[in-house]
Amino acid sequence: MLLCRRQQLLKPQLLNPTNLFLRRYGVPPAVLNSDPRLDKTVQVTNSRGVNIIHDPLLSKGTAFSIAERERLSIRGLVPPRCQEMDKQLLRVKRNLDDCRTPLAKFVFLAALQDRNETLFYKLIINHLDELAGIIYTPTVGLACLRSHAIYRRSRGMYFSTQDRGSMSAMVYNWPHEEVDVIVVTDGSRVLGLGDLGCNGMQIPIGKLSLYVAAGGIRPRAVLPVVLDVGTNNQSLLNDPLYMGMGHPRIEGEEYYSFVDEWVTAVKSRWPNALIQFEDFKYPHAYNLLNKYRNSMTCFNDDIQSTSAITLAGLLAGLKARGMKQEDLDQERIICCGSGSAGVGVVEGIVDCMVAQGRVKSREEAYSRVWMMDQHGLLGNPQLSAEAGHIAPSNGKRAALDELQRCYVKKDLPDGLTLEEVVERVKPTAILGLTGVRGVFTEKAIRTMAKYTEKPLVFPLSNPDTHAECTAEEAFKWTDGRAIFASGSPFEDVPLPNGRIGRTNQCNNSYSFPGLGLGITVSRANRVTSSMFMETARTIADMASPSQLKEGILFPGVANLRDVSLAVGTRVCEVAYEEGVATANLKEGEVLSEVVKNSMYTPEYVPLVHYTKY
Ligand SMILES: O=C([O-])CC(=O)C(=O)O
Ligand SMILES: [Mg+2]
């Protein structure tokens with residue numbers, strides 16, 4: 001009890017109105033009335049002097065007022081003139097614009113985040129459209145590839161194979177008492193770039209920056225984590241600058257017990273934190289999700305929230321073609337890629353078809369989806385043999401698991417090429433989750449466009465260099481008729497007829513920040529499948545009829561905060577409807593207002609130095 005009191009006292013955080021202990025020490029009522037979730041009214045810290053200037057969560061750079069400089073003992077430690085944030089923004093934006101490459105911009109922004117998070121988030125939010133592509137895909141992919149070369153300063157936490165047995169103690173090295181969202185990766189499938197070992201850390205950092213900028217989670221309440229279980233990437237292992245463990249990945253029981261030790265450790269310190277599993281390779285991604293989803297607040301971004309945004313794209317795509325969301329069962333969908341994202345996406349589509357009630361069974365929904373991997377269609381090996389082919393399942397392909405087997409087509413030969421499948425199936429939509437540029441071939445897309453007036457062409461792999469085709473190709477091969485959505489951003493394409501081929505970014509950045517917001521505000525103790533379906537429906541309803549007519553499916557990255565607020569509110573509602581919310585709503589509170597008011601906005605608030613003497 002005593003320890004607990006001391007921790008509360010020393011915490012540099014807002015004062016909680018229910019904290020009677022602090023009340024006893026005479027903190028002014030204005031402070032006590034502030035919402036403990038928000039750093040809006042005043043921020044209390046036990047730091048002083050340079051410790052404040054060097055703490056990115058407290059620092060205001062040149063914006064400390066004279067009174068603050070006096071009371072925090074920083075007079076003389078910063079240039080004399082007190083500058084408002086708008087001047088600082090001008091300076092950092094100019095410096096940013098002077099950076100010549102996207103990677104240089106990435107490094108500049110990371111350094112700003114390490115100096116002054118408030119200013120960093122203000123800049124990001126003011127220029128979301130331009131900067132999401134730097135701190136997130138595609139540039140974050142490049143940053144992962146080069147992470148060991150561009151390394152400046154550590155952010156987040158690393159748990160490696162040499163930490164086994166110590167993790168439950170290590171979690172206390174993290175300096176913040178409250179953690180709302182943890183994004184964790186083992187770097188085994190970083191975007192479409194494969195195994196990048198502990199270089200994958202840039203992904204949780206980038207995802208959490210969007211959690212804050214778009215989802216309004218507090219910067220001090222996010223924790224990026226890498227589980228360094230080794231890497232099978234030989235060039236990293238050979239590189240003397242690589243900073244991770246220098247051994248191959250541990251596998252099997254050893255791997256799962258490692259993850260289990262970490263999960264137990266973080267849950268022991270932060271029992272309510274949402275854990276987002278990110279960029280884990282198949283089948284680990286599924287196995288971990290299935291192991292933990294029913295006992296704690298967690299989800300897998302690549303499986304579940306990529307699925308939600310892809311479903312949103314399909315539902316909006318129906319409306320863009322004059323149909324209704326309920327017509328999903330009318331689609332014929334080819335999915336290239338049967339890894340964590342591929343299987344997650346098609347499962348979400350099947351869930352939705354079943355929920356809409358227009359198919360009689362789950363099996364009937366499976367029949368609307370044709371699944372491919374690098375060896376071709378998941379089909380019937382017997383028919384391949386009859387046609388004189390050797391089926392991939394006969395040696396080339398690893399055994400399919402239970403989920404993948406649901407998609408096997410009994411009436412088509414195993415291993416058909418994409419062109420062959422397109423010719424036979426006449427798909428209305430093609431989804432790419434392979435991580436391989438060029439998988440959507442000219443012939444396949446041209447054939448598709450022969451049979452479908454407005455084909456949905458979704459090369460969803462990241463970063464852009466790994467998208468299955470480019471926007472230009474998609475529009476060229478479909479005579480400008482494609483409805484195009486990609487995982488990473490592509491520029492709109494001017495068409496020969498003078499029209500503009502609209503591109504959409506169909507990325508889980510539309511879904512996870514809002515999901516996290518809704519889960520955090522409701523303090524949901526589980527993440528349910530309806531939350532993802534409702535996320536999809538909410539986003540699919542956001543584009544206006546005139547946008548849809550032009551082929552615009554989503555509101556645009558500049559509006560990510562509005563999207564997150566809408567998704568967060570809906571997810572919150574679902575949490576209460578399904579009885580998984582644990583936060584108490586006060587009588588008469590309007591959920592959308594509660595969610596909106598709980599969103600962090602980057603503003604400087606007066607800093608107060610306070611310790612018990
Ligand atoms: O990070 C992104 O852009 C989307 C994503 O989760 C992935 O591709 O793994
Ligand atoms: Mg991912």
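User: Where is P204 found in this predicted model, and why is P204 counted as buried?

Analyst: P204 is found in helix α13, which covers residues 202-213, helices being DSSP runs of H or I with at least four residues and strands runs of E with at least two, both numbered from the N terminus. A residue is called buried if 20 or more other C-beta atoms, placed from the backbone, lie within 10 Å of its own, exposed if 12 or fewer do, and partly exposed in between. P204 has 27 C-beta neighbours inside 10 Å, and therefore counts as buried. Residues are numbered from 1 along each chain as its sequence is written, while chains are lettered from A and ligands numbered from 1 in the order in which they are written. Because this is a predicted model, local features need pLDDT of at least 70 and side-chain atom pairs count only at pLDDT 80 or more, whereas totals for chains, interfaces and linings use all residues.

User: Which residues does P204 touch, and what makes them contacts?

Analyst: Leaving aside residues up to four places away in sequence, P204 touches G156, V183, V184, T185, P224, V225 and E278, a contact being a pair whose C-beta atoms, placed from the backbone, lie within 7 Å. By contrast, the C-alpha atoms of P204 and V44, which are 160 residues apart along the chain, are separated by 28 Å.

User: How do you know how confident the predictor is in this protein?

Analyst: The mean pLDDT of the protein is 92, and 93% of its residues reach 70 or more, on a scale that gives the predictor's confidence in each residue from 0 to 100. Over residues 1-38, however, pLDDT stays under 50, and the model has 41 contacts beyond four places in sequence for that stretch. For the complex, the predictor gives an ipTM of 0.97 and a pTM of 0.92.

User: How do you know that the residues in the UniProt annotation "binding site" gather at one spot?

Analyst: The annotation, from an unreviewed entry, covers E278, D279 and D302. They span 25 residues in sequence, yet no two of their C-alpha atoms are more than 6.6 Å apart, so they gather at one spot. Such annotations may be inferred rather than shown by experiment.

User: Are D279 and D302 buried or exposed, and what makes them so?

Analyst: D279 has 28 other C-beta atoms within 10 Å and is therefore buried, and D302, also with 28 other C-beta atoms within 10 Å, is buried as well. D279 has its place in the loop between β5 (274-277) and α16 (284-292), while D302 is found in helix α17, residues 301-320. Not counting residues up to four places away in sequence, D302 touches E278, D279, A285, S340, A341 and G344, and the contacts of D279 include T185, R189, L191 and D302.

User: What makes up the shell around ligand 1?

Analyst: The residues around ligand 1 are T137, L191, D279, D301, D302, T306, N462, G487, N507 and N508, each included if its C-beta atom, placed from the backbone, lies within 6 Å of the ligand. This shell divides into 1 nonpolar, 6 polar and 3 charged residues.

User: Why is Q162 called exposed, and where is Q162 found?

Analyst: Q162 has 9 C-beta neighbours inside 10 Å, and so it counts as exposed. Q162 is found in the loop between β2 (157-160) and α12 (167-170).

User: What is the length of helix α18 set against, and how much of it is buried?

Analyst: Helix α18, residues 340-356, has 17 residues and reaches 24 Å from its first C-alpha to its last, close to the 24 Å expected, the expected span being 1.5 Å times one less than the number of residues. The helix is mostly covered, since 13 of its 17 residues are buried. After α18 comes G357, with a positive phi near 75 degrees.

Conventions. Contact = placed C-beta atoms within 7 Å. Nonpolar A, V, L, I, M, F, W, Y, C, P; charged D, E, K, R; others polar.
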